[in-house]
Amino acid sequence: MKRTLLRLSIPFRAPFVSAEAVVSARELVVLRLEGSDGTVGWGEAAPFEPYDGVPLERAIAALSGGGGRRPPQARAAEEIAKLDLEARQEGRPLAEPVKDALAVNMTLPGGPPEEVAARARAGAQAGYACFKVKVGLPEDVERVAAVRAAIGPWPALRVDANRAWSVEQAVASVRAMEDNDLEFVEQPCRTLEELRQVRGRVSTPIAADESAGSARAIRRAIEVEACDVVNVKLAGAGGFGPAREMLRLARSNGLGAFLSSTLDGPWGIAAALQLAASEGLTLACGLATLSLFEGPIARALPAPRNGTLKVPAGPGLGVEISGESLADVVVEEVRQ
């Protein structure tokens, strides 16, 4: 089997602002596997160091045959590339979706309240019924209030602090925003214990993301009653199988669960869409992020329509990217 590793840099349409970082381009590595019959499968390693602490170079080293424990993003790339190849050879999708479209949230990076509200208003006009606002930044309360005013009372509104606050800051911030009818507050603090404390002092449900990145962590979250919802990232989980285990564990223990990207490329988004559809998830998923990118690769999957994303029907991941579009974002072919 022929292996090729490509390092990509995909520019954002505008810098992506969160409590963790401001980034102008998303760096990824994709694994291309070519079988003896010429069929090709693709997998994507999407670490995001400000979010998960994993440098891209570590994933590249792992996929290039380096020693040591492989990060979950490298394991995900290996697993999904093999699954994509096998499914393409058999003419079927990667999973067995029970839905052909999924509700997705519109992600609103940080920025001046009036600018974020304008993007939210456009999203509401386009049919989105769920919005996620990045907080843990200056003018949080004003930004959230402006978004609620822009979208009206009906759409779901969630906020994501990406671990920015202490317990006291979180409690004060959430209480100041609760009049805006929040669906939940995602990862207000760093640890499960801190989330447990915040959850006991506010009326808005709490979602865990960074602190619930494995099945073991979700078991701990259930044990200490740290959260009401978990956000599962396919890349951070280590692939399709581990992410499915996490979703099922959370839901079987009464927690809400949904899938989000870590600003993934189209291969990661397609895999997550198929997984979410096969599990019948009902909470809006955070997978409508390709539109944040510039260039043809942002159109590798159909754009959201009326707040939903079409689930790729295959074969395999169902992602077809021209050589020219790929060449636009390739930085280098990594030697192995």
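A crossing of two helices counts as left-handed if the near helix is turned anticlockwise from the far one by less than a right angle, and as right-handed if clockwise. By that rule, α6 and α7 cross in the right-handed sense. The model is a predicted one, where local features need pLDDT of at least 70 and side-chain atom pairs count only at pLDDT 80 or more, while totals for chains, interfaces and linings use all residues. Numbering starts from 1 along each chain as its sequence is written, and side-chain values rest on heavy atoms, with hydrogens and water left out.

Helices (H or I, at least four residues) and strands (E, at least two) are DSSP runs, numbered from the N terminus. The axes of α6 (residues 167–177) and α7 (residues 192–199) come within 9 Å and cross at roughly 40°; axes are lines fitted to C-alpha atoms, for helices over the stretch in contact, and angles run from 0 to 180 degrees between N-to-C directions. That makes α6 oblique to α7, given that angles under 35 degrees count as roughly parallel, over 145 as roughly antiparallel, 65 to 115 as roughly perpendicular and the rest as oblique. On the α6 side the contact (heavy atoms within 4.5 Å) involves Val167, Ala170 and Val171, and on the α7 side Glu194, Gln197 and Val198.

Then there is the sheet. Four strands form an open, antiparallel arrangement in the order β3-β2-β1-β13, where pairing takes at least two DSSP bridges between two strands. β3 (40–45) and β13 (330–334) each have a single partner strand, so one side of each is left without a neighbour in the sheet. From one strand to the next the twist averages 25°. Helix α3 (residues 72–90) packs on this sheet, touching β1, β2 and β3, and its direction makes about 160° with that of β3. Helix α11 (residues 266–279) lies across β1, β2 and β3 too, running at about 95° to β3.

Within the sheet, 12 bridges tie β1 (residues 2–17) to β2 (residues 22–34), with Arg3 opposite Leu33 in β2. Six bridges link β2 to β3, and Glu34 has Val40 of β3 as its bridge partner. The hairpin of β2 and β3 has five residues between the strands, and Gly38 there takes a positive phi near 90°.

How many residues of β3 are buried? Six of the six are, so β3 is largely enclosed by the rest of the structure; buried means under 20% relative accessible area, exposed over 50%, and partly exposed in between (1.4 Å probe, protein chains only). Val40, Trp42 and Glu44 cover one side, with Gly41, Gly43 and Ala45 on the other.
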